[in-house]
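Here is a short briefing on one protein model.

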Amino acid sequence: MKKALIVWGGWDGHEPDKVAAIFAGILREHQFDVEVSDTLEAYADAEKLLGLDLIVPVWTMGEISKEQVANVSAAVQNGTGLAGCHGGMCDSFRNNVDWQFMTGGQWVAHPGNDGVHYKVEIKPGSSPLTEGIEDFFVDTEQYYLHVDPAVEVLATTRFPIVDGPHRLNKSVDMPVVWTKRWGVGRVYYNSLGHHADVALLPPVKELMTRGLLWAAAGKQRALELQAAGVLGAAGTGAYTGMGDSQ
């Protein structure tokens, strides 16, 4: 049975307990052994994290210790999957650049705040993770993020829609869903999920389900590399973080 850890907390406005419960239900339906924690101390046991198939952060605007981030980073570098949504993963710890480097992006704005009507456009043929999913509209926060150029973008949304200082710039397609690698670990992010009702929208829930399972499946590849004696090549597992993260 695959093992997953969901850690929720931070700003209550994102309904982290409810979103965590949705993700736990999805994973249990797929036969995962799921631990749900409401404390960042869940990241303190480095050996335990290394033994997981998946870590799911659901924590917004918090503060985390360098050691806790280093433990998560080491686990993902060595094959543990990392998957999450909205501010629960890419606005978790604004003072820690290591977390942002690992996850692939950081929230900076949501022009128009909640209730913006916008289109999520699936990139055709970009990944099996989006196969059969059509473009769809949502009414929620439209996330503007600073994004790692190394990510593989699976879905986008067009800016600008509402007025703001960004409007005089050219139109841009902002990533909504992406994947990336961190060492041999798989990382998945979806910017939708401001409230639990958004996470439950059929296309959003389907995208998250696929992302959670995909990220967790990467652990098997890491075990194969370990068995072959090649895990750790090309710097894998060697990144220990930036000293200026708070």
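## Briefing: pocket, cavity, rings and sheet

The lining of the largest pocket is made up of six nonpolar, six polar and two charged residues. This is a predicted model. The notes below start with that pocket and then move to the cavity, the aromatic rings and the sheet.

**The largest pocket**

- The volume of the largest pocket is about 150 Å³.
- It has 14 lining residues, and the closest to the pocket centre are Lys66, Val69, Ala70, Thr240 and Gly241.
- Helix 3 (residues 66-77) gives the largest share of this lining, with six residues.

**The largest cavity**

- The structure has one cavity of 30 Å³ or more.
- The largest cavity holds about 60 Å³ of space.
- Its lining includes Gly9, His14, Pro16 and Val19.
- Val58, Trp59 and Thr60 also line the largest cavity.
- So do Cys85, His86, Gly87, Gly88 and Gly193.
- The lining of the largest cavity divides into five nonpolar residues, seven polar residues and no charged ones.

**Aromatic rings**

- How many aromatic pairs does a search of the whole structure find? The search finds six aromatic pairs.
- In one of them, the ring centres of Tyr43 and Trp99 lie 6.4 Å apart and the planes meet at 40°, so this pair is tilted.
- Tyr43 and Trp99 link distant parts of the chain, as they are 56 residues apart.
- Tyr43 sits in the loop between strand 2 (33-37) and helix 2 (46-50), while Trp99 belongs to helix 5 (residues 97-103).
- Is Tyr43 buried or exposed? Tyr43 is buried, because its relative accessible area is 1% and the cut-off for buried is under 20%.
- Trp99 also counts as buried, because its relative accessibility is 0%.
- Phe93 and Trp99 form an edge-to-face pair, with 5.0 Å from centre to centre and 90° between the planes.
- Phe93 is buried, and Trp99 is too.
- Ring pairs join Tyr43, Phe93 and Trp99 into a cluster.

**The sheet**

- Strands of a sheet pair through backbone hydrogen bonds, either parallel or antiparallel.
- In which order do the nine strands of the open sheet lie? The order is 2-1-3-4-11-10-9-6-7, and the pairing is mixed.
- Strand 2 and strand 7 (136-140) are the edge strands, and each pairs on one side only.
- On average, neighbouring strands of this sheet are turned by 20° against each other, direction ignored.

**A closer look at strand 4**

- Strand 3 and strand 4 (residues 81-85) run parallel, and two bridges join them.
- Ile55 stands opposite Leu82 in strand 4.
- Strand 4 is mostly covered, with five of its five residues buried.

Note on methods
Residues are numbered from 1 along each chain as its sequence is written. This is a predicted model: local features need pLDDT of at least 70, side-chain atom pairs count only at pLDDT 80 or more; totals for chains, interfaces and linings use all residues. Side-chain values use heavy atoms; hydrogens and water are left out. On a 1 Å grid over the protein atoms alone, a cavity is a set of points where a 1.4 Å probe fits but cannot get out, and a pocket is an open set with protein on both sides within 12 Å along at least five of seven lines; lining residues have an atom within 4 Å of a point. Grid points are joined across faces, edges and corners, and a volume is the space filled by probe spheres set on the points. Helices (H or I, at least four residues) and strands (E, at least two) are DSSP runs, numbered from the N terminus. Ala, Val, Leu, Ile, Met, Phe, Trp, Tyr, Cys and Pro count as nonpolar, Asp, Glu, Lys and Arg as charged, and the others, Gly among them, as polar. Rings of Phe, Tyr and Trp (its six-membered ring) pair if their centres lie within 6.5 Å; planes under 30 degrees apart count as stacked, over 60 as edge-to-face and the rest as tilted. Buried means under 20% relative accessible area, exposed over 50%, partly exposed in between (1.4 Å probe, protein chains only). Two strands pair if DSSP finds at least two bridges between them. Axes are lines fitted to C-alpha atoms, for helices over the stretch in contact, and angles run from 0 to 180 degrees between N-to-C directions.
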